Amino acid sequence: MENIKEQGVFKIYFKGTELEANQHFNLSFYYHSENVENFKDFQTFMLNYNQLTREKQNSSFSNIIKVVTFGDVKEMDIQNYYVILRTVSNNPADDKEDKERQGYLIVRTKKNEHLIVGYWPFPYFTHHREVNLNPIINLKNMLQQPGKFNDILMVT
(Lines give C-alpha, C1' and ligand atoms only; values in the text may rest on other atoms or scores of the structure.)
Protein backbone atom coordinates (compact mmCIF):
# COMPACT_ATOMS: atom_id res chain seq x y z
CA MET A 1 0.00 0.00 0.00
CA GLU A 2 1.36 3.38 -0.96
CA ASN A 3 1.58 6.20 1.56
CA ILE A 4 -1.71 8.00 0.88
CA LYS A 5 -1.62 11.74 1.43
CA GLU A 6 -4.26 14.38 0.95
CA GLN A 7 -3.45 17.42 -1.18
CA GLY A 8 -5.61 19.75 0.84
CA VAL A 9 -8.36 20.14 3.38
CA PHE A 10 -11.72 21.90 3.44
CA LYS A 11 -12.46 22.89 7.04
CA ILE A 12 -16.23 23.37 7.38
CA TYR A 13 -17.51 25.41 10.34
CA PHE A 14 -21.07 24.94 11.59
CA LYS A 15 -23.18 27.08 13.94
CA GLY A 16 -23.53 25.84 17.49
CA THR A 17 -26.85 25.31 19.21
CA GLU A 18 -28.76 28.19 20.79
CA LEU A 19 -27.60 26.98 24.20
CA GLU A 20 -23.99 27.20 23.02
CA ALA A 21 -24.29 30.37 20.94
CA ASN A 22 -20.59 31.20 21.04
CA GLN A 23 -19.40 27.74 20.10
CA HIS A 24 -18.81 26.57 16.57
CA PHE A 25 -18.23 23.02 15.41
CA ASN A 26 -16.11 21.95 12.47
CA LEU A 27 -15.21 18.98 10.33
CA SER A 28 -12.23 18.55 8.03
CA PHE A 29 -12.91 17.06 4.59
CA TYR A 30 -9.84 15.69 2.86
CA TYR A 31 -9.17 16.51 -0.78
CA HIS A 32 -7.08 14.94 -3.50
CA SER A 33 -7.42 16.00 -7.14
CA GLU A 34 -7.61 12.36 -8.29
CA ASN A 35 -10.70 11.86 -6.10
CA VAL A 36 -12.75 14.77 -7.50
CA GLU A 37 -15.87 13.38 -9.18
CA ASN A 38 -18.25 15.27 -11.45
CA PHE A 39 -21.76 14.60 -10.07
CA LYS A 40 -23.82 15.20 -13.23
CA ASP A 41 -26.98 13.65 -11.71
CA PHE A 42 -26.93 15.85 -8.60
CA GLN A 43 -30.36 17.39 -9.31
CA THR A 44 -31.93 13.92 -9.55
CA PHE A 45 -30.06 12.91 -6.40
CA MET A 46 -31.52 15.96 -4.61
CA LEU A 47 -35.07 15.13 -5.72
CA ASN A 48 -34.70 11.60 -4.37
CA TYR A 49 -33.03 12.86 -1.19
CA ASN A 50 -35.86 15.33 -0.59
CA GLN A 51 -38.39 12.52 -1.04
CA LEU A 52 -36.67 10.55 1.72
CA THR A 53 -36.70 13.70 3.88
CA ARG A 54 -40.48 13.96 3.44
CA GLU A 55 -40.70 10.30 4.50
CA LYS A 56 -38.59 11.19 7.60
CA GLN A 57 -35.76 8.82 6.66
CA ASN A 58 -33.12 11.57 6.67
CA SER A 59 -32.67 15.25 7.55
CA SER A 60 -31.55 18.49 5.92
CA PHE A 61 -30.84 21.97 7.20
CA SER A 62 -28.67 25.04 6.59
CA ASN A 63 -25.91 25.42 9.13
CA ILE A 64 -22.57 26.09 7.39
CA ILE A 65 -21.15 29.43 8.49
CA LYS A 66 -17.64 29.35 7.02
CA VAL A 67 -15.33 27.26 4.87
CA VAL A 68 -11.55 27.53 5.10
CA THR A 69 -9.25 25.70 2.70
CA PHE A 70 -5.71 24.50 3.41
CA GLY A 71 -3.05 23.04 1.18
CA ASP A 72 -3.26 22.59 -2.56
CA VAL A 73 -7.01 22.93 -2.99
CA LYS A 74 -7.64 23.86 -6.61
CA GLU A 75 -9.63 27.06 -7.10
CA MET A 76 -12.99 26.06 -8.52
CA ASP A 77 -15.07 29.26 -8.11
CA ILE A 78 -17.28 27.54 -5.55
CA GLN A 79 -20.73 29.00 -4.87
CA ASN A 80 -22.36 26.40 -2.61
CA TYR A 81 -21.26 23.64 -0.27
CA TYR A 82 -23.25 20.51 0.58
CA VAL A 83 -22.13 18.24 3.38
CA ILE A 84 -23.60 14.73 3.48
CA LEU A 85 -23.00 12.84 6.70
CA ARG A 86 -24.16 9.35 7.55
CA THR A 87 -23.52 6.48 9.88
CA VAL A 88 -23.10 3.01 8.41
CA SER A 89 -24.07 0.08 10.56
CA ASN A 90 -21.70 -2.78 9.76
CA ASN A 91 -23.42 -5.13 12.18
CA PRO A 92 -27.09 -6.03 12.02
CA ALA A 93 -27.06 -6.26 15.84
CA ASP A 94 -26.31 -2.50 15.70
CA ASP A 95 -23.44 -2.51 18.20
CA LYS A 96 -21.99 0.95 18.71
CA GLU A 97 -18.47 -0.30 18.02
CA ASP A 98 -19.50 -1.42 14.53
CA LYS A 99 -20.85 1.94 13.41
CA GLU A 100 -18.75 3.92 10.97
CA ARG A 101 -19.29 7.62 10.34
CA GLN A 102 -18.73 8.82 6.79
CA GLY A 103 -19.10 12.09 4.97
CA TYR A 104 -18.84 13.71 1.55
CA LEU A 105 -18.33 17.32 0.59
CA ILE A 106 -20.09 18.34 -2.62
CA VAL A 107 -19.66 21.78 -4.18
CA ARG A 108 -21.51 23.73 -6.85
CA THR A 109 -19.25 25.89 -8.99
CA LYS A 110 -20.10 29.09 -10.86
CA LYS A 111 -20.17 26.97 -14.03
CA ASN A 112 -23.09 25.10 -12.41
CA GLU A 113 -21.08 21.90 -12.00
CA HIS A 114 -21.55 19.72 -8.96
CA LEU A 115 -18.34 18.07 -7.81
CA ILE A 116 -17.58 15.67 -4.99
CA VAL A 117 -14.35 17.10 -3.60
CA GLY A 118 -13.92 15.96 0.01
CA TYR A 119 -14.18 12.95 2.32
CA TRP A 120 -14.54 12.74 6.10
CA PRO A 121 -13.00 11.39 8.31
CA PHE A 122 -9.43 10.72 7.25
CA PRO A 123 -9.75 6.88 7.41
CA TYR A 124 -12.73 7.11 5.03
CA PHE A 125 -10.66 9.29 2.68
CA THR A 126 -7.82 6.75 2.68
CA HIS A 127 -10.31 3.92 2.14
CA HIS A 128 -11.62 5.66 -0.99
CA ARG A 129 -8.08 6.10 -2.24
CA GLU A 130 -7.08 2.50 -1.51
CA VAL A 131 -10.01 0.69 -3.11
CA ASN A 132 -10.94 3.34 -5.68
CA LEU A 133 -14.62 3.56 -4.65
CA ASN A 134 -17.02 5.51 -6.83
CA PRO A 135 -18.66 8.06 -4.49
CA ILE A 136 -21.58 8.76 -6.85
CA ILE A 137 -22.61 5.09 -6.91
CA ASN A 138 -22.10 5.00 -3.15
CA LEU A 139 -24.42 8.02 -2.63
CA LYS A 140 -27.07 6.65 -5.00
CA ASN A 141 -27.00 3.31 -3.15
CA MET A 142 -27.55 5.24 0.08
CA LEU A 143 -30.84 6.56 -1.32
CA GLN A 144 -31.91 3.19 -2.67
CA GLN A 145 -31.15 1.36 0.59
CA PRO A 146 -31.53 3.95 3.39
CA GLY A 147 -32.10 1.19 5.97
CA LYS A 148 -28.38 0.32 5.84
CA PHE A 149 -27.55 3.80 7.16
CA ASN A 150 -28.37 5.70 10.31
CA ASP A 151 -28.49 9.45 10.81
CA ILE A 152 -28.37 10.51 7.16
CA LEU A 153 -27.94 14.29 7.15
CA MET A 154 -27.36 16.98 4.54
CA VAL A 155 -26.09 20.36 5.68
CA THR A 156 -25.87 23.38 3.38
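How many helices and strands does the protein chain have? Colour the model by secondary structure and count along: there are 3 helices and 9 strands. Keep in mind as you go that this is a predicted model.

**The whole chain**

Start at the N terminus and follow the elements in order: β-β-β-α-β-β-β-β-β-α-α-β. Of its 156 residues, 40% count as buried.

**The largest nonpolar core**

Next, hide the surface and select Phe-39, Phe-45, Ile-106, Ile-116, Leu-139 and Met-142. The largest nonpolar core has 24 residues, and these six touch the most other members. At least two residues of this core come from each of helix 1 (42–54), strand 6 (78–89), strand 7, strand 8, helix 2, helix 3 (135–144) and strand 9. Helix 1 gives the largest share, 5 residues. In soluble globular proteins, nonpolar side chains tend to be buried together.

Now centre on Met-142. Leaving aside residues up to four places away in sequence, which residues does Met-142 touch? Show Phe-45, Tyr-49, Ile-84, Arg-86, Phe-149 and Ile-152, and you have its contacts.

**Backbone stops**

Most residues other than glycine have a negative phi, and most peptide bonds are trans.

- Select Trp-120 and Pro-121: the peptide bond from Trp-120 to Pro-121 is cis, with omega near -10°. Pro-121 sits in the loop between strand 8 (114–120) and helix 2 (122–131).
- Select Asn-112, in the loop between strand 7 (99–109) and strand 8. Asn-112 is not a glycine, yet its phi is positive, about 65°. Is Asn-112 buried or exposed? Its relative accessibility is 52%, so Asn-112 counts as exposed.
- Finish at Asp-151, in strand 9 (residues 149–155). Asp-151 has a phi near 55°, again a positive value in a residue other than glycine. With 61% relative accessibility, Asp-151 counts as exposed because the cut-off is over 50%.

Definitions and conventions:
Residues are numbered from 1 along each chain as its sequence is written. This is a predicted model: local features need pLDDT of at least 70, side-chain atom pairs count only at pLDDT 80 or more; totals for chains, interfaces and linings use all residues. Side-chain values use heavy atoms; hydrogens and water are left out. Helices (H or I, at least four residues) and strands (E, at least two) are DSSP runs, numbered from the N terminus. Buried means under 20% relative accessible area, exposed over 50%, partly exposed in between (1.4 Å probe, protein chains only). A nonpolar core is a set of buried Ala, Val, Leu, Ile, Met, Phe, Trp, Tyr and Cys residues joined through side-chain atoms within 4.5 Å. Contact means heavy atoms within 4.5 Å.
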